[in-house]
Amino acid sequence: MDLIDPKVLDRIGSYALLSRSVVEGYISGLHRSMFHGFGTEFVQYRNYVPGDDLKYLDWKVYARTKKFCSKVFREETNMNCRIIVDCSTSMSYKGNKSKLSKLQYASVISACLAYMISRQGDKVGFYAYGDKIQCAIPPGSRQRHLQEIFSKLNTLKPEGSGNHRECLTKISEGFKGRGVVIFISDMMEGEEEIIRFMKSARFSHNDCILFQVLDNDEVEFPFDKNIRFVGMEDKEELITAPQLIRENYLAEIGAYLEEVKMSCQKNGIDYNLQNTSHELDYVLSAYLNRRQELH
Amino acid sequence: MAFAAPLLLAAMAAIGIPLFLHLMAKDVPKVVHFPSLRFIKKDKLETHSKRGLRDLLLLLMRCLVIAGVVFAFSQPFIKDKTSALNGATRQTVVLLDVSSSMDRKLVLDKIRERLEKEIGEGESVALITSAASRLSRQAFDSRDVFFTQLEKVKFTQEEGHHEESLNDAASFFAKEASAKKLIIVSDFQANDWNFLQTPQVGKDIELKFIRPFDKEIDNVSVLVNKVRRLNEGKVVQVQALVENHTALDKAVDVTFTAGIKTVKETLNLSPREKRRVILTVKDAGVSKAKVFITPDEYPADDLYHVWIGEEAPQVVLYPVEKSQTLDYLFVEKALHVKSADGAFRVAAREPSNFNKLKLEEFHAIILSDSAASLNEADFLRIKSYTEQGGLIIVAPGEKAGIVFSRLKAYGIADVTYVETIRRKSSVDLPFNFSKKIENSPLLKMFKNTPDSDLLNFAIYRYNAFKTGADAKNILSIKAGTPAWSLIPSGKGHVLVSAIPFNHVWSDFTLSNSFLPLLRHSIISLSGGASKSTVNLKVGERKLLAGKEINTAKPGAEVLSEVLLVVNVSRLESSVDTVNLIDFKSQIRASRGTRITVTDDKQSGDEYWHYFMLLAIGALLLEFAIADLFRKKTAQ
């Protein structure tokens with residue numbers, strides 16, 4: 001599979017991924033550092049105190065006001081961005097209207113974001129898990145690092161019902177410093193563990209973004225005739241006439257999605273619902289637009 | 001059970017359609033591996049077994065609908081077990097008219113006598129009785145059983161209509177019979193056998209018509225016009241009108257019985273002749289008398305005409321307000337006088353109640369000044385009354401301008417009020433009638449009456465009026481000034497008088513001419529006395545003048561002590577009987593065939609409507625089941 005659709009990259013290439021919060025970094029970059037004093041972005045003036053570097057004195061201000069003021073700058077750094085993909089079996093669902101399964105869709109999102117982050121000079125890490133951790137690539141910025149992520153994305157396989165608690169605990173153990181955590185899942189199982197993990201990451205001053213990926217069938221339930229539904233994770237079976245239960249189903253899933261959204265808002269997690277039948281480029285560009293407007 | 005249209009049963013194959021659809025629709029559920037079933041509430045699920053039950057019930061109902069419709073159209077019936085016609089070689093069907101006109105003395109004996117000549121030994125015979133519709137249908141193995149049953153036949157008081165029965169009779173024969181004979185026994189009144197669609201009787205059926213009594217005997221009627229008691233009641237005299245309704249010469253015995261005395265007169269009547277006969281019984285000394293013409297031969301559906309008094313009274317409507325009674329008094333007095341030219345009754349009614357009256361019950365309406373109080377609707381009703389042949393006599397006084405203008409405005413009569421002319425002083429000569437039209441039917445009575453004072457009385461005031469071209473001035477006051485004018489209005493007439501009926505305007509009401517002129521005008525222009533009679537069928541009972549009219553036995557009863565005259569006439573006799581030759585050719589050649597004897601349809605009770613009801617019921621049940629399951633699932 002061609003993970004990075006040229007069309008997608010064409011649409012999102014002009015956007016820079018801007019972190020909403022301050023991140024630590026070793027390398028000055030586009031992202032605001034929590035450290036003031038060095039850097040190029042002017043923040044404010046403050047009264048000169050003896051010992052300050054004279055090169056930061058603003059002589060134009062002195063000429064106008066006869067007061068010594070030092071300029072304060074904010075340092076710009078790069079960031080660590082970690083992308084986590086849920087590879088439980090339910091992510092393998094692909095409806096008739098969709099071109100990609102949820103997992104494939106999540107992979108494309110991951111690839112696009114990794115490419116974009118890497119191009120900015122930031123570090124990107126990638127994690128995937130089902131019953132167990134399938135892939136754990138810590139943040140890095142080299143070109144080969146990105147290639148490794150792409151390679152792993154191609155080998156992702158849906159498995160199990162998602163051992164969220166254990167896997168996320170292991171993944172979070174490798175987290176160092178602040179950054180951006182991007183979680184991609186359908187949230188069909190283990191939503192409490194996922195929210196708890198994101199909440200923990202948020203507590204560690206990470207900027208958290210949650211992509212909930214759902215198929216159009218799950219959102220609109222467009223089935224008719226008699227259907228034997230088989231649960232992909234629990235293998236439970238039900239025979240029903242979907243047209244008779246559609247109204248009830250839509251009400252149930254609507255309430256659930258609203259609950260997830262409210263939970264994300266409450267914990268400062270940027271929530272984004274993605275429908276796999278929608279064009280990916282449009283979704284990403286719309287999301288990044290929104291992110292940029294926040295800064 | 002058999003079917004009249006068994007080929008239609010092939011349509012039962014249509015049951016395969018819902019069956020096929022059911023099997024096709026009985027799909028194996030498509031398997032969908034769905035991410036999570038947590039949002040599908042299990043208690044809302046339609047279970048497979050529930051669906052199966054619903055589908056089976058719906059399938060059953062749909063099959064029943066189709067089966068019901070197919071059965072209904074196939075016309076199922078159960079063969080009549082009483083029918084002995086099947087398989088017999090010689091078959092006879094007797095269609096017996098049992099309508100009221102057949103109910104005569106010894107008629108069954110006469111029928112039996114005729115039928116014995118027509119029905120041979122060993123034949124199977126069916127008897128169908130018919131009046132307003134088919135009453136019974138029975139088949140008998142032998143002629144003896146048939147004749148036994150024939151004696152039990154009861155005649156009805158219904159009018160006859162035999163289309164259904166003739167159809168039934170024509171289709172009652174078995175196909176394999178070698179000889180078929182249809183005998184119709186009736187008096188063949190044209191009304192009874194006049195069909196909208198004549199049934200066809202196949203040429204393999206021999207047709208026989210039997211009229212059990214002579215056609216002519218019932219076609220004479222008697223009407224008693226007048227009853228007089230002379231010589232202090234010792235002599236009773238009746239004047240009767242005897243009418244021959246037939247197209248043949250008739251010799252009729254008219255019998256008049258009063259007490260123990262009887263007078264009989266034989267009349268030889270030519271076709272359609274009416275003749276008056278006066279019969280007198282001397283020393284009768286009784287108060288009852290009866291006139292009849294061979295009364296046993298009167299059929300039961302004859303009509304009596306009953307009225308009170310020696311003469312059928314003519315009823316005159318006089319709209320009058322209580323305050324204006326002078327004109328009314330003169331009119332009432334004139335019409336209540338007993339005379340030989342007719343009986344009258346004046347009905348005085350308030351103009352405010354005019355709209356509640358049935359105008360068609362009155363022979364004439366007299367409009368005086370009180371007519372000015374009538375409203376637009378009343379005048380429109382008067383117009384309708386004259387258009388249908390009614391007579392209006394208009395004699396207003398002070399309010400002539402209003403009355404005349406309304407008559408003209410509502411199109412009742414083309415009459416225009418000009419002015420009221422008065423005698424200026426006592427020196428002036430009074431006006432009087434100056435001219436009469438000799439050929440006027442109203443004035444015939446004065447032609448040979450030299451002592452008539454029609455032209456001699458004084459008129460002090462009169463209303464000058466003009467009439468249209470179609471008016472005929474019967475009397476004038478002077479040239480160009482009509483006094484009595486007859487104006488045609490629709491089928492009726494409007495008689496306009498220049499002077500009201502009181503002594504203030506003229507001496508006309510005091511003259512000898514007033515009474516005959518008014519009475520004769522009404523008699524000659526009002527259209528007869530039939531409106532004041534009551535029609536009763538023979539056998540019908542009714543109280544009139546406190547006495548019950550006995551019509552059980554036909555005849556004209558004269559009860560002179562209460563002036564009640566009961567007459568009997570033979571209205572239906574004026575209707576001809578059918579021409580049997582034409583009738584025969586008609587039912588042989590009819591193209592309006594509904595049932596022919598070549599049909600294989602057997603007799604028996606039909607059940608198609610039960611199957612149609614079954615189909616409709618199943619259809620409704622199907623809707624109900626579908627709706628029930630839908631609602632249950634939606635809950």
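This is a predicted model: local features need pLDDT of at least 70, side-chain atom pairs count only at pLDDT 80 or more; totals for chains, interfaces and linings use all residues.
Reader: To begin, how many bridges join strand E11 (residues 250-258) of chain B to strand E12 (residues 261-269) of chain B, and do they run parallel or antiparallel?
Author: Nine bridges join E11(B) to E12(B), and the two strands run antiparallel. Strands here are DSSP runs of E with at least two residues, helices are runs of H or I with at least four, and both are numbered from the N terminus. Two strands pair if DSSP finds at least two bridges between them.
Reader: Which residue stands opposite Asp253(B)?
Author: Thr266(B), in E12(B), stands opposite Asp253(B).
Reader: In what order do the five strands of the open sheet in chain B lie?
Author: The order is E6-E5-E4-E7-E8 in chain B, with mixed pairing. The edge strands, each pairing on one side only, are E6 (134-140) and E8 (205-210) of chain B. Strand E5 (residues 124-130) of chain B pairs with E6(B) in the antiparallel sense over six bridges, and Leu127(B) has Gln138(B) in E6(B) as its bridge partner.
Reader: Which strands does helix H4 (residues 143-150) of chain B touch on that sheet?
Author: H4(B) packs on the sheet and touches E5 and E6 of chain B, its direction making about 20 degrees with that of E5(B). Contact requires the C-beta atoms of two residues, placed from the backbone, to lie within 7 Å. Axes are lines fitted to C-alpha atoms, for helices over the stretch in contact, and angles run from 0 to 180 degrees between N-to-C directions.
Reader: Turning to the interface, how many residues of chain A are in contact with chain B?
Author: 28 residues of chain A are in contact with 18 residues of chain B. Strand E8 (227-231), strand E9 (237-240) and helix H8 (242-266) of chain A are the elements that give two or more residues to the chain A side. H8(A) gives the most, with seven residues.
Reader: In which sense do E8(A) and strand E2 (residues 30-34) of chain B pair?
Author: They pair in the parallel sense, over five bridges. Arg228(A) stands opposite Val31(B) in E2(B).
Reader: Now chain A itself. How many helices and strands has it?
Author: Chain A comes to nine helices and ten strands. Buried residues make up 39% of its 295 residues.
Reader: Why is helix H3 (residues 102-119) of chain A said to be largely enclosed?
Author: Because 17 of the 18 residues of H3(A) are buried, the helix is largely enclosed by the rest of the structure. Just after H3(A), Gly121(A) takes a positive phi of about 95 degrees.
Reader: At what angle do H3(A) and helix H4 (residues 143-154) of chain A cross?
Author: Their axes come within 10 Å and cross at roughly 180 degrees. H3(A) and H4(A) are therefore roughly antiparallel, a term for angles over 145 degrees, with under 35 being roughly parallel, 65 to 115 roughly perpendicular and the rest oblique. Among the residues that meet are Ala111(A) and Tyr115(A) in H3(A) and Leu146(A) and Phe150(A) in H4(A).
Reader: Last, where is Met187(A) found?
Author: Met187(A) is in the loop between strand E6 (179-185) and helix H6 (191-203) of chain A. Its phi is near 60 degrees, a positive value in a residue other than glycine. Met187(A) counts as buried, with 23 C-beta neighbours inside 10 Å.

Key: Residues are numbered from 1 along each chain as its sequence is written. Chains are lettered from A and ligands numbered from 1 in the order in which they are written. A residue is buried if 20 or more other C-beta atoms lie within 10 Å of its own, exposed if 12 or fewer, and partly exposed in between; C-beta atoms are placed from the backbone.
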